[in-house]
Amino acid sequence: MALLTLGVLLWAVTHLLPSISAPARAALVARIGENGYKGLFSLLTLAALALIIVGWRSIDQPGYLYTLPLWTRHLGMLLVLVAFILFVASGQPTRIKQYLRHPQLTGVILWAGAHLMMNGDARSLVLFGGLGLWALLEIIFINRRDGEWLKPEPPGIAQDLKLLVIAVLVYAAVAWAHRWLAGVAIF
């Protein structure tokens with residue numbers, strides 16, 4: 001559990017630094033350069049992911065803390081689909097950005113909440129609870145740093161339909177590969 005916890009903490013600290021302290025980021029960029037900063041950020045992110053994966057897989061028998069009714073699994077799968085739509089929406093123009101300032105981080109919160117709904121074990125609480133909490137804090141700190149939200153112009157409906165198709169395809173691919181990605185079969 002220690003490796004998993006360390007990975008989640010490393011992920012959170014690495015990603016929160018730019019939103020919490022722009023001066024600290026600027027000082028680091030001045031010291032090692034923009035490319036050096038991006039390289040260090042990437043290295044720390046990869047290290048966090050490695051710790052999370054190794055930590056997750058090293059826990060053979062997770063201790064269950066709670067069990068929710070079976071119907072919550074269906075709701076959880078729907079929330080994960082919505083999260084994937086938000087993930088895809090974050091990288092391109094979409095009408096979703098008329099309502100959500102941070103679609104990707106909101107998607108992480110939904111993804112984490114859905115996984116907590118479907119998995120009541122201790123390692124899930126650390127991973128999904130930790131990443132959900134990180135995403136919530138990230139939204140708060142980015143909003144504080146960036147100030148007023150200026151909504152982008154909405155694109156045509158074709159862009160939103162394209163987003164939906166891509167998100168459903170990615171969702172289906174991840175659901176199919178979940179057994180190999182996370183060690184847990186969905187189907």
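**Figure 1. Where domain 1 meets domain 2.** In this predicted model, 16 residues of domain 1 are in contact with 19 residues of domain 2, contact being heavy atoms within 4.5 Å. The domain assignment of the protein chain, an automatic or database one, gives residues 1-60 to domain 1 and residues 62-186 to domain 2. Taken over C-alpha atoms, the centres of the two domains lie 20 Å apart.

A word on conventions for every view: residues are numbered from 1 along each chain as its sequence is written, and side-chain values use heavy atoms, with hydrogens and water left out. Local features need pLDDT of at least 70 and side-chain atom pairs count only at pLDDT 80 or more, while totals for chains, interfaces and linings use all residues.

**Figure 2. A closer look at the interface between the domains.** Domain 1 and domain 2 bury about 1,500 Å² between them, 71% of it on carbon and sulfur atoms; this is the accessible area (1.4 Å probe) that the two parts lose on being put together, summed over both. On the domain 1 side, the elements giving two or more residues are α1 (2-20) and α2 (22-58), with helices being DSSP runs of H or I, at least four residues, numbered from the N terminus. The largest share, 10 residues, comes from α1. By type, this side of domain 1 divides into 11 nonpolar, three polar and two charged residues, where Asp, Glu, Lys and Arg count as charged and Gly is among the polar ones.

**Figure 3. Annotated segments along the chain.** The unreviewed UniProt entry annotates "transmembrane region" at residues 36-56, 68-89, 125-142 and 163-181; such annotations may be inferred rather than shown by experiment. Residues 125-142 are 100% helix and 0% strand, with end C-alpha atoms 25 Å apart. Residues 163-181 are likewise 100% helix and 0% strand, and their end C-alpha atoms are 24 Å apart. UniProt also places "domain: NnrU" (unreviewed entry) at residues 4-185. Over residues 4-185 the chain is 77% helix and 0% strand, and the end C-alpha atoms are 20 Å apart.

**Figure 4. The surroundings of Gly183.** Gly183 sits in the segment after α6 (157-182). Leaving aside residues up to four places away in sequence, Gly183 touches Arg57 and His178. Trp56 is 127 residues from Gly183 in sequence, yet the two are 9.3 Å apart in space, C-alpha to C-alpha.
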